[in-house]
Amino acid sequence: MNADASAGIGVDVRAGIHIDLLGPAVLALLILGLVLLAVGVPLLLAGAVGLGRHGPPPGQVP
């Protein structure tokens, strides 16, 4: 309500956009992410397998 007791103004506004390319782009990014995950996890595990198995570097006392 306004100061002079008149009713206020009500507004109902909606905005939107429809992009036909969005669905295939999301699917492509999902597939790419799964492929990178499938490649990255074995690489990470292969790199971590040899850590800590060779003992301390030469010249250092444990």
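1. Buried here means under 20% relative accessible area, exposed over 50%, and partly exposed in between (1.4 Å probe, protein chains only). By that cut-off, buried residues come to 0% of the 62 in the protein.

2. Keep in mind that this is a predicted model: local features need pLDDT of at least 70 and side-chain atom pairs pLDDT 80 or more, while totals for chains, interfaces and linings use all residues. Numbering runs from 1 along each chain as its sequence is written, and side-chain values use heavy atoms, leaving out hydrogens and water.

3. Helices (H or I, at least four residues) and strands (E, at least two) are DSSP runs, numbered from the N terminus.

4. About 6100 Å² of the protein is accessible surface, and carbon and sulfur atoms own 71% of that. Areas are Shrake-Rupley with a 1.4 Å probe; for residues, only the protein chains shown count as cover.

5. Now for L43, which sits in helix α1 (residues 22-49). L43 counts as exposed because its relative accessibility is 59%.

6. D20 belongs to the segment before α1. With 65% relative accessible area, D20 is exposed too.
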